[in-house]
Structures are given as C-alpha cells and as structure tokens.
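I opened this notebook to record what I looked up about aromatic rings and nonpolar cores. The structure is placed below for reference.

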Amino acid sequence: MGILTRFKDIMASNVNALLDKCEDPEKMIDQYLRNLESDYASVKAETASVMAEEKSAKRKLDECQAEISKMTEYATKAVEAGNDDDARKFLEKKAQLSEKLAVLQKNYDISKANSEKMKEMHAKLEEDISALKAKRDMLKAKVKVAETQKKINKLGASADKAGSTLSAFERMEEKINKMTDEADAMEELNASSGADDVDSLSKKYDSVGTSSGVEDELAALKAQLGK
C-alpha cells in the first residue's frame, strides 16, 4: 500500500536522535511537528479507511461461512428426506462457497495485517507528536531561562562598569581635594609670611628711633656738665 511506503520512515524515526544532530533543536521541533501533524491527518484518514476495509472483509467472510453452514444443514435435511438430488445441489453450492471462502479469508488476513500496521503507525505518530510538544515546551523554557541569564549577565557587566566609573570619580575627587588642601595651606603660609615681614620692619625702625633718643639725651647731659 502506498500509505505504508510513504510513511515507513515514521515507524523507524527516533525523535531524540534527530534532535541531537540538529544545530537549532527548537526550530527543528517546530518543523518536524508541522510535518508530523500533516502526516498524522493523512495517516488517521487512511487508518480509518483500512479499518473499514478490515471490517468489510470480516463481514463478507462471516457471511460466506454462514452460507456454507446453511448449505450443509440443507444438504443434511435433503438426505434425511430422501432427496439426494436436492442434497447434491446444496453440496455443490457449498463447494462453490468454500472456494469463495478461501479468497475471502486471504483478503481478510491482508486487510487485518494492514489495519494493524496502520493502527501501529497512528499510535506511533500520536506518541511522537506528544513527545515533541513536551520537548518543545522544555526547550522553549530553557531558551527563556538562558535569555534571562543573558540579561542578568549584561546588567551585571553594566553594574561592574558603573562601579569602576564610580571608583574613578572617587579617585579624581580625592585628587582634587588634595590639590585644594595644598592650595589652602600655601595661602595660609603666604599670609603668615607677610605678617612676619611687617613686624620685622616695624621693629627695625622702632629700634632706630629708640637709639637716636638715647644719643640725644646723652649729648644734652654732657653739655650740662660742660664736657
């Protein structure tokens, strides 16, 4: 059957093995799911058709077997009634039905085997689709966690950078404060030095004034004494 040939890879497929080989499992799952769901619709319809064929073949087989039983029963009654000709006709019909039964039995066996294969394939597809959906949800959850971790790492790097910048500003502030302190100290020293110069000069001239007065007084004293 064409449907069995077309979907034979489904029965042999290993979902986990396929995902392990692909570079982007999430995209692979989405694509594989689309393919499987499309195949699933076809397999489901074909499975229903094959199962109907099996039921039809079984019904024809049962009907033929029932007819054979009737012919046997009628032949027996004809013999008991002494009607050998009638019995012979029933037995001839039975022989024809027996030949037909062999063909119907073969058809039924084939239909049943095909139906089993299709039901097995249908179940396999349902299992694969369910597994893939679970796998997809798990992968998407992992991707979301990874993206969140990436954002956290990026924010952490920004925080480290901000901390480094803050440290640099603090060093600059410390340097500026030191320069300011040095300037203030120099200004204080300069102010103190200026005051000392004025005091020194004042004392110099104070001394000069004092010495001149003493000499004048000494000269006046000598004049009084006649010396």
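I looked up Phe90 and found a relative accessibility of 27%, so Phe90 counts as partly exposed; the term covers the range between buried, under 20% relative accessible area, and exposed, over 50%, with a 1.4 Å probe and protein chains only. Tyr74, at 35%, is also classed as partly exposed.

I noted that this is a predicted model, in which local features need pLDDT of at least 70 and side-chain atom pairs count only at pLDDT 80 or more, while totals for chains, interfaces and linings use all residues. Residues are numbered from 1 along each chain as its sequence is written, and side-chain values use heavy atoms, with hydrogens and water left out.

I then searched for aromatic pairs, meaning rings of Phe, Tyr and Trp (its six-membered ring) with centres within 6.5 Å; planes under 30 degrees apart are stacked, over 60 edge-to-face, and the rest tilted. I counted 1 aromatic pair. The ring centres of Tyr74 and Phe90 are 5.2 Å apart and the planes stand at 45°, so this pair is tilted. Because Tyr74 belongs to helix H4 (residues 25-80) and Phe90 to helix H5 (residues 84-225), the pair ties together parts 16 residues apart in sequence. Helices here are DSSP runs (H or I, at least four residues), numbered from the N terminus.

I turned last to the nonpolar cores, sets of buried Ala, Val, Leu, Ile, Met, Phe, Trp, Tyr and Cys residues joined through side-chain atoms within 4.5 Å. The largest has 13 residues, and Ile29 and Leu125 are among those touching the most other members. H4 and H5 each supply at least two residues of this core, and H4 gives the largest share, 7 residues.
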